[in-house]
Structures are given as structure tokens and as C-alpha cells.
Amino acid sequence: MREDSRESDNSIVPEKFANKRGKKLPLTEQMEGSGLTEGNERQRNTHQTQGWISVQNKLQLIHQRAKEDKKEKFTALMHHVYNIDALEAAYLKIKREAAPGVDEETWQSYRENLEDNLQDLSLKLKQGGYRAKPVKRAYIPKPNGKQRPLGITTLEDKVVQRATTQVLNAIYEADFLGFSYGFRLGRDQHKALAALQNGIVTRKVGWVLDADISDFYDSINHKWLIKFIEHRIADKRVVRLIQKWLNAGVLENGKVVYSEEGAPQGGSASPLLANVYLHYVYDLWIQQWRKKQAVGEVITVRYADDTITGFQYESDAKRFLKDLKERLQKFGLELHPEKTRLIEFGRYAAERRRRRGLGKPETFTFLGFTHICSETRIGKFTVKRQTKRKKLHEKVKEVKTELRKRMHAPIQEVGKWLATVLTGHYRYYGVTGNFRAINELRHRVGWTWRHVLIQRSQKGYVTWEQMKEIISRWLPKARIYHSYSPEGNGVTT
């Protein structure tokens, strides 16, 4: 149910909108791009900011209560959801260019009468008249030729889900464990990657289990999820909201299909619901397992439904894999037989395999990086992370396709676009030890661009000397954004 990582961002910053609370503005002031007087602009922004600060303060109090009493069940939360300031902030955080749901309502069209729309939505939530609409099914192509299903929720459902998620996050952030990194406030992929690298380098890890849950989002059992939610949420109106989203159905090929399983990827609440599900199914369970069952050390890192677990002993790893399969099966989940792998990996893996006449330690992938047993320049063990080759090829192919579409666009325009593409790639894949791979992308993009420029016309031949100048001017040099230091990571596994 993810549309974009930004849909799961828990930080909300109020933005400007065209209506002033409590008073409908003239049509000229409601229109996109029309300006208010400086005084009105400042007054409106101040009101929004004050309203959102009030909401944040209340959420902080909820978080503090949840932190102080891990067993408390919250009975009065709904008024935080239908709060106008919370709904407004949720609306403003939604991607403006996001595809509309089954009602074809867009961010821009909803804004035309925003104040009244939010007032009506608040009233429906308060009186129990809110109804979740079916999720529109869409597909995006996967590298293996298959398609990944996505669910496009309506704009009002996004608003309600985001406002509700803000409240639930205040509670569950007090419960979630340190090795859970996906879609949480103040955490991201790079912190998960750093935690994993730090755990393998500094702890006694000799084996790694790369566990892949088959069709996780489509396999979430609704009854179990609601049971998990009710461990903390005793406000029946909030629970019913979640049930409405789960039971709204999926619109595909003109028919609405209902199921007792699954949470379509695309909604604002889905990442949180997935984290709640795996918190009870996996996180709490493995925390107890490694305390009571493991003989040696065990580390784990989870990012959404992607988990990597490291073990000191092979016997622990094999027993854990068996127990994990049984644990997941109880809650309607199963491991992918082909994508789940147990490999020998760690500081002593290379030497042990050499003694047995085997090759180098196998590698595993996590969050787009291939992890490799390696050494530093002074001979200390480390985990080298490189861009997954398939990801690199996909990026080159993606750029090539877009360059062909922009074949006749001015070099300056294409250069600016390519600069943003490469910078975005560097910001994610620019980790210590991966310079060669990100620099390779720059070289291949430059080569592909030259090939496209040559095809623009019979007289458009571009020499490599000319291309080097173009590349030097427009393609930013590869850069490492994320350095690694075992002492300074402050991460949990």
C-alpha cells in the first residue's frame, strides 16, 4: 500500500492554502496563484502553524503516556483524527501529482473548496458517516517481467488515513523495537544498512539468513491485524476506521473484489499497519527467541518486510529458520522458497571456506545493495556494499529510454534533468566502498547520451572530446554521501 516513500513521512509541515478558517474567501482569492494581502497571508500562516503545533503537543502527550505505560489501552483518540488542523495538515502533505482514486478527485480539485471539504469530512468522521471507498488497482512493471500491484486510494481516504496514522504513530513509536527501520520517524534505509553493517562487523556473525516473505502485503490476515491493533487501541471508532479501509475492496476491471486478507500497497496507513503486524508476528518473537533459544549471538535488522538475521553458529541459524517458518505460518505468512537463503558470511567465513576447499563467501542483497565479505586497506574485516548489478542495469535502461524521448530537446534542458537523476542516485547509493559503481553509472549515462545526440541528425556526430566537455559541464561527479564508522553509528540490531 505504498505509493511513495513520502506518503509514509511522519513529519507534517503546514503549507499555504487558499481559504481562511471560519470565513469563505472571495472567488478571486480562492483561485490557484491569486494573491492575498501580506497581512492576510501572515495571519493565515500563523493560524495554521499554531493549530498544527497544538496538534503536535497533544500527540506528544499521547506518546509520553504510551512510553510510560506499555500496557495502557487508549480509549479516546478519535477526536484527534477529526480535528480540522490534523486533517488540513494531512491533506497538505499528500503528493499533489498523485493519481486520483475511484472518485477521480485530485489534490487540486479538492483544494478549490478546501475549507468546506475538510469541515464536511470532519463532521462525517465525528458522526460515524465516513465510508472508505474501494481501492483502484494499478500495476507497475517489475524487472523480472512481472507486475507489482498497487492500490490507489481516494484523496479523502488518504487524508483520513494520514491523520489517523499520525495518532497511531504517537503510540506505536513507543512500542516498536530498535531493529525495525522501515517507514518510521527519524529512520530510513541508510540507518538500516548502517545497523546491519555495524552488527556484522562488530559482533560474532558467521552465518546470515536473508528471509523473504512471499506476497506479504497480500497475505496480511485482517482478523489477526485487528487483534494486534486492539492490544493498544481500545477506541472502537478508530478500530472501525481501520476495518473500513481493510474491507473497502479493490476495484479491478470494473469489479470490486473483497477479501479477508491483504492490504493493497498504496495507502498512507499501510506501512504502519504492516509494521504493527510484523511487530507482533516477528519482532517480539525474535527478541524472545534469541534470549531463550539461541546459543550464540544473534543480530537482526528489519525494513518493512525485508529482514536480515545474522548468527554466530550454523546450528542456531538452521533451528531459527525452521522455527520462523512455523511462526509465520500461524499468521498466514510464508517464506519464499527461492528467495530465502542461509549463507556462510562474516569475519571468518573466507578462511573457513578456504580450509574446506570452497570459494569466496556468498553474497546477499538488502535494500538495493549487494553485501560482500571484504577487508579494509589495513587488513581488517568489513562488509563492502555495492550497487546491485541488476539495479545499475535498470537505471541505465531507464535513462536510455527517457533520453530517446528527449532526443531533440536542448542540451541544457537534458543536462539539467540528467544532473538531478545522477544526484538522486548518488544520494542513495553513495556509500563507502561503492564509488566505482556510482562512477560507472555516470560513465554509462554519458556514453548513452552521446549515442542519442549522434542519432539526432546525419550531421550531428559528436566526438569524445566534445562529449567530455558536455559531461564535465552537466553530469555531476560521483560522490560518497554516507561514510561508515563502526564507532559512530549508534544503531541497533
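Two strands are said to pair if DSSP finds at least two bridges between them. Strands (E, at least two residues) and helices (H or I, at least four) are DSSP runs, numbered from the N terminus. This is a predicted model, in which local features need pLDDT of at least 70 and side-chain atom pairs count only at pLDDT 80 or more, while totals for chains, interfaces and linings use all residues. Residues are numbered from 1 along each chain as its sequence is written, and side-chain values use heavy atoms, with hydrogens and water left out.

**First stop: the mixed sheet**

Select residues 135-141, which form strand β1. Six bridges join β1 to β2, and the two strands run antiparallel. Within this pairing, Ile140 stands opposite Arg148 in β2. Now widen the view to the open sheet of four strands, whose order is β2-β1-β4-β5 and whose pairing is mixed. Its edge strands, β2 (147-152) and β5 (255-257), each pair on one side only. From one strand to the next the twist averages 45 degrees; axes here are lines fitted to C-alpha atoms, for helices over the stretch in contact, and angles run from 0 to 180 degrees between N-to-C directions.

**Second stop: the antiparallel sheet**

Select another open sheet of four strands, with the order β6-β7-β3-β8 and antiparallel pairing. Here the edge strands are β6 (298-303) and β8 (341-344), each of which pairs on one side only. The twist averages 15 degrees from one strand to the next.

Focus next on β7, residues 306-311, which pairs with β6 over six bridges. Arg302 stands opposite Thr307 in β7, and Ile299 stands opposite Gly310. The two strands form a hairpin with two residues between them, and Ala304 in the turn has a positive phi of about 55 degrees. Six bridges also join β7 to β3, again antiparallel, with Trp207 opposite Phe311.

How many of the residues of β7 are buried? Five of its six are, and the strand is mostly covered. Buried means under 20% relative accessible area, exposed over 50%, and partly exposed in between (1.4 Å probe, protein chains only).

Select Glu375, Thr376, Arg377, Thr382 and Thr432, the closest to the centre of the second largest pocket among the 15 residues that line it. On a 1 Å grid over the protein atoms alone, a pocket is an open set of points, where a 1.4 Å probe fits, with protein on both sides within 12 Å along at least five of seven lines; lining residues have an atom within 4 Å of a point. About 380 Å³ of space lies in this pocket. Strand β11 gives the largest share of the lining, four residues.

**Last stop: a lysine in a loop**

Finally, select Lys95, in the loop between α4 (84-93) and α5 (107-111). Why does Lys95 count as buried? Lys95 counts as buried because its relative accessibility is 18%. Lys95 and Thr106 are 11 residues apart in sequence and 10.0 Å apart in space, C-alpha to C-alpha.

Notes: Grid points are joined across faces, edges and corners, and a volume is the space filled by probe spheres set on the points.
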